[in-house]
Amino acid sequence: MLDLLPSQFILKRKPDDRSEAAASELKAFVKLREGRKLDESIEQAIRDRLRTTYSPRHVPDRIVQVTSIPYTLTGKKLEVPVRRILSGVPEERAANRAAMADPTALDFFIDYARTQRDYSF
């Protein structure tokens with residue numbers, strides 16, 4: 001059992017290239033059940049499940065554990081705002097915290113965007 005809760009996948013492409021063949025990286029931001037920590041065995045289980053259930057193309061390049069996934073007050077994931085934040089758009093232009101179920105859920109992504117060294121586009 002993966003102990004995986006709803007997660008968020010973000011495809012990061014070069015800002016100046018929107019083509020399918022553009023250099024890109026697929027990241028999975030995963031929330032695990034309380035008390036679980038992302039380790040190699042859980043990462044491998046996630047990769048294996050995605051590869052067999054979908055295709056190798058759906059396997060993320062990087063898996064990152066988060067404490068919360070941002071949702072709107074109506075229950076929709078904030079995928080576009082998170083992608084914008086990870087692309088360097090200032091938080092105030094990327095998302096409206098007043099419309100979020102848990103406004104602090106964005107904090108991880110803001111900090112990650114500021115400090116990540118996973119890729120250099």
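The protein has 4 helices and 3 strands, counted as DSSP runs numbered from the N terminus (helices are H or I with at least four residues, strands are E with at least two). Read from the N terminus, the order is β-β-α-β-α-α-α. Keep in mind that this is a predicted model, where local features need pLDDT of at least 70, side-chain atom pairs count only at pLDDT 80 or more, and totals for chains, interfaces and linings use all residues. Residues are numbered from 1 along each chain as its sequence is written, and side-chain values use heavy atoms, with hydrogens and water left out.

Now for the β-α-β part. Strands β2 and β3 run parallel and are joined by 4 bridges; two strands pair if DSSP finds at least two bridges between them. Across that pairing, Val30 sits opposite Gln65 in β3. With helix α1 included, β2 and β3 form a right-handed β-α-β unit, meaning that with the strands pointing away from the viewer, the path from the first strand over the helix to the second runs clockwise.

| Element | Residues |
|---|---|
| β2 | 24-32 |
| α1 | 40-53 |
| β3 | 62-65 |

What about the sides of α1? Ile42, Ile46, Arg47 and Leu50 are buried (under 20% relative accessible area, with exposed over 50% and partly exposed in between; 1.4 Å probe, protein chains only). They lie on the same side of α1 because they cover an arc of only 135° around the axis, taken from the directions from the helix axis to the C-beta atoms. Glu40, Ser41 and Thr52 are exposed on the other side of α1.

Overall, 36% of the 121 residues are buried.
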